[in-house]
Amino acid sequence: MDRNQLIGIVLILAMLVGYQLLVPKPAPEKEPAQKIQTTKPKSASSAEAAINKAEQPLDSAAAKAQFGDFAAVATGEARDITVENKDLKVTFSTWGGRVKEVVLKNYKTFDQKPLVLIDEKSSKTLLELPTQQGKVNLHQLYYQTSTSNGQVSGQNQQIVFRAEVAPGQSIEQVYTIPSEGYVIDYDLKLNGLTSTVGNGDIRFFWEDKMRQYENDLANNRRAATINYLTADENFENLAEGESNQEATLEEPVQWFTIKHKYFLSGFIDKNAPMTKASFKTLVDPTDSSVVKTAIADVMLPIADVKAGKGQYKFYYGPNKFQLLGSIAPEFDRNVYLGYSILKPINKYFFVPVFNFLEKFIANYGLLIVALVVFVKLLLTPLTYKSYVSMAKMRVLAPEINEIKERVGDDMAKQQSEQMKLYQEVGVSPLSGCVPVLATMPILFALFMLFPNLIELRQKAFLWSSDLSTYDAFLKFPTLPFIGSHLSLFTVLMTASSIAYAYYNNQTTPTQPGPVNMKALSYIFPLMFMFVLNSYPAGLTFYYFVSNIVTITQQQLIRRFVDEDKIKAVLDENRRKNASGQGKKPGGFQALLQKQLAAAEEARKQAEEAQRKARSKK
């Protein structure tokens, strides 16, 4: 870069920093905090009131007044039952016959505490049954069970919670815990209650104050949401971000999940879909102990329960692509794999390749290196073609410089003359761009994939303790653009990108035009350093290794490309085209040639008109 270009880069960076420092920031809005209290519908408020009321002790008179025919099971003594398999530790309560706490045994929080996905403080539920005397919350009743604490091994274990309303009349909640895995089957049964149950469906309300499991609260909030699948299998979700979101659906839903960045709490209906569904995510910026408050409010078809088909599933586990496909239709879409055009690349290539390499490479930093090498080997033909195209441009560089000297600063004429030269020697100006553009979907696919790969979570490599988040090599007070830390992997990625740009610029002729692309090749890596500083270390390490491998690959290719032979081929093409023996251009090349000829003719007519106008004067 010359002095003017360097000054330009410095001025651009100074303007960006100055804008952040000098432009006054708007006063913080208090609206989101107020929405948490004011935007809840009456139905949600009534559900919370019912849950809170349930926590108050009842005497026999109050129980009879509130529960009617169910008063006999509205009082009692709560007892916890803990059952665990190799993956889950689940605590049930006889009060409500409900799941009270779930611990994921194979995972820890960012500060190495047990990962409690739900507990009685963060998660509250309501299961409201319509009866002839009013609505009864089945999670306020007391149930009996013969199950004791234990470990599930060898085969599935069934836990039956039974509330005897009257002789021959009972409510049963049956949970089936697998010997391994994260899916709990759940059956709801109403025995002999046909005359007692009223009209309407059963309401299931779930409020979860989502806890923070990763180190970056802001990133956690952006990723947390509620996903759901409609009856006609349209996957939808509440918009991610740091603002309140809600949706009231007219169409039934097959399942919904409360999604953390890397974990899910989900509810699936095995038979008829749930109706009158409404979902909310609420954010309180002043409360750093809660990522978001997720609220799901759905109706379970009572006809299924009466017919003995009240069968459901709970999923409490990691948001891992390989585990989710068999749980429910489209359930693996909880793992975001990018836009529709990029998703097939991740789903059918990168995820299978990543899982295959996992079987042989335990260190995930080395796995990423192996992934880079594998991808680069596949792309070698495109890289070779791109390098050969650049070599052709280097061979033509003296003639291009001669054109510039001959036509002066007339950019349109420069481009026209250059295109004529390309046609004479049989070179397409796009032949070098197409191979590079073909690799762009891969880079973008990885950009979408790495932040959602739970496989990288808490996997250490070199100075990074967790490849799924940024490596805070240096920490300092919050600064504009860069934040409160500096990622060393991002710095290495930027340095390697600048090194690659420098190497590439030495072997690429300067292209005419108002924009100096060589100068921009140095600016873009600096801009991306600020963007990627808070992205996963695994992603920036991949880009760093990819740059190094690309430079090495091109150095090796350079040894096999003889520019003297390329020049001889171009001269032979020129001779054939001049004698009419050359291959006529087709497709895009022919169209481009036609447009250039029209532009050249228009230029000549304009020059002739100017000449006549001057002669008249």
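How do the residues of the lining of the largest cavity divide into nonpolar, polar and charged? The points below answer this and describe the surrounding structure.

1. Basis of the note. This is a predicted model, in which local features need pLDDT of at least 70 and side-chain atom pairs count only at pLDDT 80 or more, while totals for chains, interfaces and linings use all residues. Residues are numbered from 1 along each chain as its sequence is written, and side-chain values use heavy atoms, with hydrogens and water left out.

2. Overall composition. The protein has 17 helices and 21 strands; helices (H or I, at least four residues) and strands (E, at least two) are DSSP runs, numbered from the N terminus. Of its 617 residues, 46% count as buried, where buried means under 20% relative accessible area, exposed over 50%, and partly exposed in between (1.4 Å probe, protein chains only). Among contacts (heavy atoms within 4.5 Å) with a separation of 6 or more, 66% join residues 24 or more positions apart.

3. Two cavities of 30 Å³ or more are found in a search of the whole structure. On a 1 Å grid over the protein atoms alone, a cavity is a set of points where a 1.4 Å probe fits but cannot get out, a pocket is an open set with protein on both sides within 12 Å along at least five of seven lines, and lining residues have an atom within 4 Å of a point. Grid points are joined across faces, edges and corners, and a volume is the space filled by probe spheres set on the points. The largest cavity has a volume of about 60 Å³, and its lining includes M210, R211, Y213, H260 and F263. In answer to the opening question, this lining divides into six nonpolar, two polar and three charged residues. Here Ala, Val, Leu, Ile, Met, Phe, Trp, Tyr, Cys and Pro count as nonpolar, Asp, Glu, Lys and Arg as charged, and the others, Gly among them, as polar.

4. S122 and R211. R211, one of the residues lining the largest cavity, is also in contact with S122, as are E207, D208 and K209, leaving aside neighbours of S122 within four places in sequence. S122 is found in the loop between β4 (114–118) and β5 (123–131) and counts as buried because its relative accessibility is 6%. The C-alpha atoms of S122 and E207 are separated by 8.0 Å, although the two residues are 85 residues apart along the chain.

5. Second largest cavity. This cavity holds about 50 Å³ of space. Among its lining residues are Q322, V351, N452 and E455. The lining consists of six nonpolar, three polar and two charged residues.

6. Helix α8. The end C-alpha atoms of α8 are 21 Å apart, which agrees with the 22 Å that its 16 residues should span at 1.5 Å a residue; the expected span is 1.5 Å times one less than the number of residues. The helix bends by about 30° at F350, and the proline P352 follows within four residues; the bend at a residue is the angle between axes fitted to the seven residues ending there and the seven starting there. V351, which lines the second largest cavity, is one of the buried residues of α8, as are F350 and N355. N355 has a relative accessibility of 17% and therefore counts as buried. N355 touches Q322 and E455, not counting residues up to four places away in sequence; both of these contact residues line the second largest cavity.

7. Second largest pocket. About 1100 Å³ of space lies in this pocket. It is lined by 45 residues, of which A223, E240, Y336, P451 and N452 are the closest to its centre. N452 also lines the second largest cavity. Elements that each supply at least two residues of the pocket lining include α5 (217–223), α8 (343–358) and α12 (433–449), and the largest share, five residues, comes from α5. By type, the pocket lining has 19 nonpolar, 17 polar and nine charged residues.

8. Helix α10. This helix (residues 380–407) has 28 residues and reaches 39 Å from its first C-alpha to its last, close to the expected 40 Å. A kink of about 50° lies at A397, shortly before the proline P398. Just after α10, G408 takes a positive phi of about 80°.

9. E330, in the loop between α7 (321–324) and α8, has a phi near 60°. L462, in the loop between α12 and β20 (472–479), has a phi near 55°. E330 is partly exposed, with a relative accessible area of 31%, whereas L462 is exposed, at 59%.
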